[in-house]
Amino acid sequence: MFWILLGGIAEVFWVIGLKHYFDNPWGIVATIFALFISFNSLILGCKKMPTSIAYTLFVGIGSVLVVGSEIILFKANVSYLKIALIILLVLGVIGLKLSSDAKEGEGR
């Protein structure tokens, strides 16, 4: 789970880098470094849990953090609908993780 969390956090930096910092050499280097960390963390996370769950967690964590950082750092528009959909996404990711843990406990 640590690797997936690290990958999701690193995803925020490369996604923001693509939009805001890819027009200067240091921004390009930082974006590529974050991309490398993000995907290598995903690869390591996939070795510890089923790929479908690892990828879902990775994307869910990254999505929530990217949207949150856009709202906080770049003053993106926020609405009740956007907040509700983010909460729904988080609940879906948690549900998938919990259902995966329950199946592993049953011995498949």
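**A serine and its helix**

Tutor: Serine 38 has its place in helix H2, residues 25–46; helices here are DSSP runs of H or I of at least four residues, numbered from the N terminus. This is a predicted model, where local features need pLDDT of at least 70, side-chain atom pairs count only at pLDDT 80 or more, and totals for chains, interfaces and linings use all residues. Residues are numbered from 1 along each chain as its sequence is written, and side-chain values use heavy atoms, leaving out hydrogens and water.

Student: Is serine 38 buried or exposed?
Tutor: Buried means under 20% relative accessible area, exposed over 50%, and partly exposed in between, with a 1.4 Å probe and protein chains only. The relative accessible area of serine 38 is 0%, so this residue is buried.

Student: Which residues is serine 38 in contact with, leaving aside its neighbours within four places in sequence?
Tutor: Contact means heavy atoms within 4.5 Å. With those neighbours left aside, the residues are Gly7, Ala10, Glu11, Trp14 and Phe58.

Student: Why are the buried residues of H2 on the same side?
Tutor: The buried residues of H2 are Gly27, Thr31, Ala34, Ser38, Ser41, Leu42 and Gly45. The arc is taken from the directions from the helix axis to the C-beta atoms. They are on the same side of H2 because they cover an arc of only 100° around the axis.

Terms used
Helices (H or I, at least four residues) and strands (E, at least two) are DSSP runs, numbered from the N terminus.
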